[in-house]
Amino acid sequence: MDCSTSGSSCSCCPWRSSSSSSSKISLSPSPIIPILVLFLLLVSSPFLCHARSLDIAAFRTANRTSQTFRPGEELQKLKMIRARLRDINKPSLKTIQSPDGDIIDCVLSHQQPAFDHPLLKGQKPLDPPERPNGQHSTAAGAEETFQLWSTSGGACPEGTVPIRRTREADVLRASSVQGFGKKVKRHVRRDTSSTGHEHAVGYVSGDQYYGAKASINVWAPKVANQYEFSLSQLWVISGSFGDDLNTIEAGWQVSPELYGDSYPRFFTYWTTDAYQATGCYNLLCSGFVQTNTRIAIGAAISPTSSYGGGQFDISLMVWKDPKHGNWWLEFGSGVLVGYWPSVLFTHLRDHASMVQFGGEVVNSRPSGFHTNTQMGSGHFAGEGFGKASYFRNLQVVDWDNNLIPLQNLRVLADHPNCYDIQGGINRVWGNYFYYGGPGRNVRCP
């Protein structure tokens, strides 16, 4: 959605409303490869001679800080990576090369990764569910284009879904092959800072929730290093904040480790055991069932907002289908992305006990100081529209499938000198808040 600050295009300013989108993204170059490591790789085993498609540059980059090179262990790791890629990357009917460097594979919908899950084997995607009362959808097919890949080769054919191809370099950036595509296990609480993770969020709790909706301002915050990320999302949560935590998550994120660049990307996540063994980002494991032919989860979002200039946001809604109990994801006005089957969950098979909106960053404290990874726009909430990032039109879905305004929204910032939040309400934006910040500064050493 275009929310520029001048003329008739000032669409999502508090005083007007409309939507538009476009895309323009570039890909950064690969790192230089040391000659010595190349020689060791080439002579260590005939396996590498056969595996010509291996991304040797990424392999060397991932191992260049190693004190000792162990060919046997590294070859075993590479075999594990290739096995993981076979699970993730399914055969495609059509391949689209995006101008931003992504490769999008059009995979038959019944062959997508979701149906590798033991509880979903042999199934096919379900028909669209009943939408919540009060949700106004556009006519079928009136989908907004907000990802560059879809303008470069058309949509995927009917009966297929677009999936961003995962490459060897993506897995090699992860801390482990097993941990690729997963959030790091941590204790999650909203009333205190999680280790290494900092939040500025608005939330409601104390009731039964069957969905959530928000429009999320999109920026491209700076991330200090590969091991950190910055995201803005909504969480649908149930269970205690122990090992039985269930979450469904969707929004945008900048994650150099996961994607290899600094572009804001549309993402999803789920877990049923507090980020331990279950769940993953996007379609990097079996679980989420995609139904849309035009949206690639994990692909970059464009355009993004600019400080003092045009403002852009995306509208997301997650809700529980009253008939089958699955949790569906909608983008924009009526564009169904797919669903999380209810059988994936324990507590969320029934309802959510908390809904949360806001920003999260990883603070790895490089050099012993607070990170300068930005949240939102990288500016504090007090700067307001066009300068600070926002969430607007916050709503929840009740037991009778009605989309209703929030009651008793609370806001919380773990470290307000680093990232803060300010809530409000008006007739056009309903419940909203500004949030974010620069990270390290004179008040946040």
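Author: The protein has seven helices and 19 strands. The model is a predicted one.

Reader: How much of the protein is buried, and how many residues does it have?

Author: Of its 445 residues, 55% are buried. The accessible surface is about 18800 Å², and carbon and sulfur atoms account for 52% of that area.

Reader: What share of the contacts between residues at least 6 apart in sequence joins residues at least 24 apart?

Author: That share is 74%.

Reader: Which residues have the most contacts inside the largest nonpolar core?

Author: The largest nonpolar core holds 83 residues, and the ones with the most contacts inside it are Val-236, Trp-252, Phe-266, Ile-314, Trp-327, Trp-340 and Phe-357. Strand S14 gives the most to this core, namely six residues. Another core, of 12 residues, lies apart from it and includes Leu-120, Val-289, Met-317 and Leu-403.

Reader: Now the disulfides. What is a disulfide in general, and how many are there here?

Author: A disulfide is a covalent bond between the sulfur atoms of two cysteines. The cut-off is a sulfur pair within 2.5 Å, and by this rule there are three disulfides.

Reader: Where in the chain do Cys-106 and Cys-156 lie?

Author: The sulfur atoms of Cys-106 and Cys-156 are 2.1 Å apart, and the two form a disulfide. This pair links distant parts of the chain: Cys-106 is in strand S2 (residues 103-108), while Cys-156, 50 residues apart from it, is in the loop between helix H5 (149-152) and strand S3 (160-164). Both cysteines of the pair, Cys-106 and Cys-156, are buried. The link has -75° about the S-S bond and is left-handed.

Reader: Is the disulfide of Cys-280 and Cys-285 left-handed or right-handed?

Author: The torsion about its S-S bond is about -85°, so the disulfide of Cys-280 and Cys-285 is left-handed. The S to S distance from Cys-280 to Cys-285 is 2.1 Å, and both residues are buried.

Reader: And is the disulfide of Cys-418 and Cys-444 left-handed or right-handed?

Author: Here the torsion is about 95°, so the disulfide of Cys-418 and Cys-444 is right-handed. The pair links distant parts of the chain, 26 residues apart: Cys-418 sits in the loop between strand S17 (410-413) and strand S18 (420-426), and Cys-444 in the segment after strand S19 (430-436). The two sulfur atoms are 2.0 Å apart. Buried means under 20% relative accessible area. Cys-418 is therefore buried at 5%, and Cys-444 is likewise buried at 2%.

Reader: Turning to strands, how are side chains arranged in a regular strand, and which strands pair with S13?

Author: In a regular strand the side chains alternate between the two faces of the sheet. In this model, S13 pairs in the antiparallel sense with strand S10 (residues 289-290) over two bridges. Strand S12 (residues 327-331) also pairs with S13 in the antiparallel sense, over five bridges. Tyr-339 of S13 is the bridge partner of Val-289 and also of Trp-328.

Reader: How many residues of S13 are buried, and how many lie between S12 and S13 in the hairpin?

Author: Six of the six residues of S13 (residues 335-340) are buried. S12 and S13 form a hairpin with three residues between them, and Gly-332 in the turn has a positive phi of about 65°.

Reader: Last, two threonines. Is Thr-371 buried or exposed?

Author: Thr-371 has a relative accessible area of 0%, so this residue is buried. Its place is the loop between strand S14 (352-362) and strand S15 (389-397). The side chains of Thr-371 and Glu-228 make a polar contact of 2.6 Å. Beyond its neighbours within four places in sequence, Thr-371 is in contact with residues including Ala-224, Val-362, Tyr-419 and Arg-440.

Reader: Which side chain does that of Thr-278 join through a polar contact?

Author: The side chain of Thr-278 joins that of Asp-273 through a polar contact of 2.8 Å. A polar atom of the Thr-278 side chain also lies 2.9 Å from the backbone nitrogen of Thr-272. Thr-278 is in the loop between strand S8 (265-271) and strand S9 (280-281). Its relative accessibility is 24%, so Thr-278 counts as partly exposed. Residues up to four places away aside, Thr-278 touches Lys-182 and Trp-270, among others.

Key. Residues numbered from 1 in each chain as written. Predicted model: local features only at pLDDT ≥ 70, side-chain atom pairs only at ≥ 80, totals over all residues. Heavy atoms only, no water. Helix = DSSP H or I, 4+ residues; strand = E, 2+ residues; numbered from the N terminus. Buried < 20%, exposed > 50% of the residue type's maximum accessible area, 1.4 Å probe, protein only. Polar contact = N/O pair within 3.5 Å; in protein donor to acceptor, adjacent residues only side chain to side chain. Contact = heavy atoms within 4.5 Å. Areas by Shrake-Rupley, 256 points an atom, 1.4 Å probe, with all protein chains shown as cover. Core = buried A, V, L, I, M, F, W, Y, C linked by side-chain atoms within 4.5 Å. Pairing = 2+ DSSP bridges.
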